[in-house]
Amino acid sequence: MNRKVILTCAVTGAGDTTGKSEHVPVTPEEIANDAIAAARAGASVVHIHVRDLETKQGSREVAYYRDVVRRIRASDVDPVINLTAGMGGDLVVDPQDPLTTMPGTDLINALDRLPHVEELLPEICTIDCGTLNFGEGSNIYVSTPDMLREGSKRIQTLGVRPEMEIFDTGNLWFANVLVEEGLIDAPPLYQLCMGIPYGAPADPGLLAAMVNMLPKGAQFTSFAIGANQLPWVAQSVLAGGHARVGLEDNLYMSKGVKATNADLTSRAVDIITSLGASVATPAEAREILDLRVQTPTITGGDL
């Protein structure tokens with residue numbers, strides 16, 4: 001069991017969730033405000049995606065990230081900032097003509113997924129460690145070994161800690177290869193993502209097997225989506241890891257009761273403390289993960 005738990009709040013994600021809950025933040029101001037509220041509720045880390053202001057779908061717009069980060073850093077809280085670097089990996093193919101791409105495709109190379117990381121130098125950014133059939137239909141998330149090596153090397157040069165997103169056991173195998181090749185600095189940080197179709201099921205036995213595959217000295221967080229999110233907080237802590245909640249992965253406190261990010265964070269704090277553990281402060285999280293705090297100049301006002 002882990003007694004000092006880094007709690008992450010993933011505040012919005014890129015999924016098609018805005019029509020399902022009015023609490024999912026869309027604008028940079030809304031996203032920043034939710035991140036700040038989650039930090040006040042006890043989150044050690046806030047994980048940030050941004051969304052297009054018109055379509056409300058996921059975006060790669062650097063200006064939106066800039067505005068969110070500026071607002072968080074200007075607030076009265078100081079959570080660890082974790083920016084996604086997973087956008088730009090979506091390939092939607094025509095099942096009858098797989099060489100033809102379909103609407104929803106947003107596929108770019110490894111370095112083109114990093115301009116916001118280059119500019120804003122967050123303490124953590126994500127890197128998705130494999131290609132995956134992403135749910136029903138013909139949507140494939142693309143992250144090849146060549147892409148991962150190139151992206152990891154650049155992130156390492158920037159001094160940003162990569163959080164390696166693990167959606168299946170093959171992803172974990174390759175993440176371990178990145179560590180062995182020296183492309184990931186110690187301590188390596190793994191995020192074991194459970195229950196996302198069609199990756200690793202949210203099964204405690206599988207979580208235990210994946211934890212056993214981690215290299216010595218690794219830090220890990222695990223989360224599950226939907227109704228499994230809050231119970232999985234305890235599952236991950238008992239397995240020796242950290243925890244993640246937030247509207248990216250779950251919209252409800254209980255059946256029919258919609259959540260906010262602050263609600264989910266507060267409930268996670270209660271679960272963690274009920275186990276006899278404590279939630280790490282942002283300063284403690286920085287120490288545990290040996291994070292490099294950098295202070296780039298952020299210009300520009302509100303959008």
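I call a residue buried under 20% relative accessible area, exposed over 50%, and partly exposed in between (1.4 Å probe, protein chains only). This is a predicted model, in which local features need pLDDT of at least 70 and side-chain atom pairs count only at pLDDT 80 or more, while totals for chains, interfaces and linings use all residues. Residues are numbered from 1 along each chain as its sequence is written, and side-chain values use heavy atoms, with hydrogens and water left out.

**Entry 1**

I looked up Asn2, in the segment before strand E1 (4–5); helices (H or I, at least four residues) and strands (E, at least two) are DSSP runs, numbered from the N terminus. Asn2 has a relative accessible area of 14%, so I list Asn2 as buried. For polar contacts I took pairs of N or O atoms within 3.5 Å; within protein, one must be able to donate a hydrogen and the other to accept it, and residues adjacent in sequence count only if both atoms are side-chain atoms. The Asn2 side chain reaches the backbone oxygen of Gly241 at 3.1 Å and makes a polar contact of 3.2 Å with the side chain of His242.

Next I checked Arg161, which sits in strand E13 (residues 161–166). A polar atom of the Arg161 side chain does lie 2.8 Å from the backbone oxygen of Asp185.

**Entry 1: salt bridges**

The count comes to 13 salt bridges. I noted the pair Arg40 and Asp76, at 2.9 Å from N to O. Arg40 is in helix H1 (residues 28–41) and Asp76 in the loop between helix H2 (62–73) and strand E6 (80–83), 36 residues apart. Both Arg40 and Asp76 are exposed.

Asp106 pairs with Arg60, the closest N and O atoms being 3.0 Å apart. Asp106 lies in strand E9 (residues 106–107) and Arg60 in the loop between E5 and H2, so this bridge ties together parts 46 residues apart in sequence. Asp106 is partly exposed at 23% relative accessible area, and Arg60 is partly exposed at 35%.

**Entry 2: cavities and pocket**

I used a 1 Å grid over the protein atoms alone: a cavity is a set of points where a 1.4 Å probe fits but cannot get out, a pocket is an open set with protein on both sides within 12 Å along at least five of seven lines, and lining residues have an atom within 4 Å of a point. Grid points are joined across faces, edges and corners, and a volume is the space filled by probe spheres set on the points.

I found two cavities of 30 Å³ or more. The largest holds about 130 Å³ and is lined by 14 residues, with Ala85, Ala110, Arg113, Ile127 and Ser143 nearest its centre.

The largest pocket holds about 1000 Å³. Its lining has 39 residues, and those nearest its centre are Gly13, Ala14, Gly15, Phe134 and Glu248.

How values were computed: Salt bridge = Lys/Arg side-chain N within 4 Å of Asp/Glu carboxyl O.
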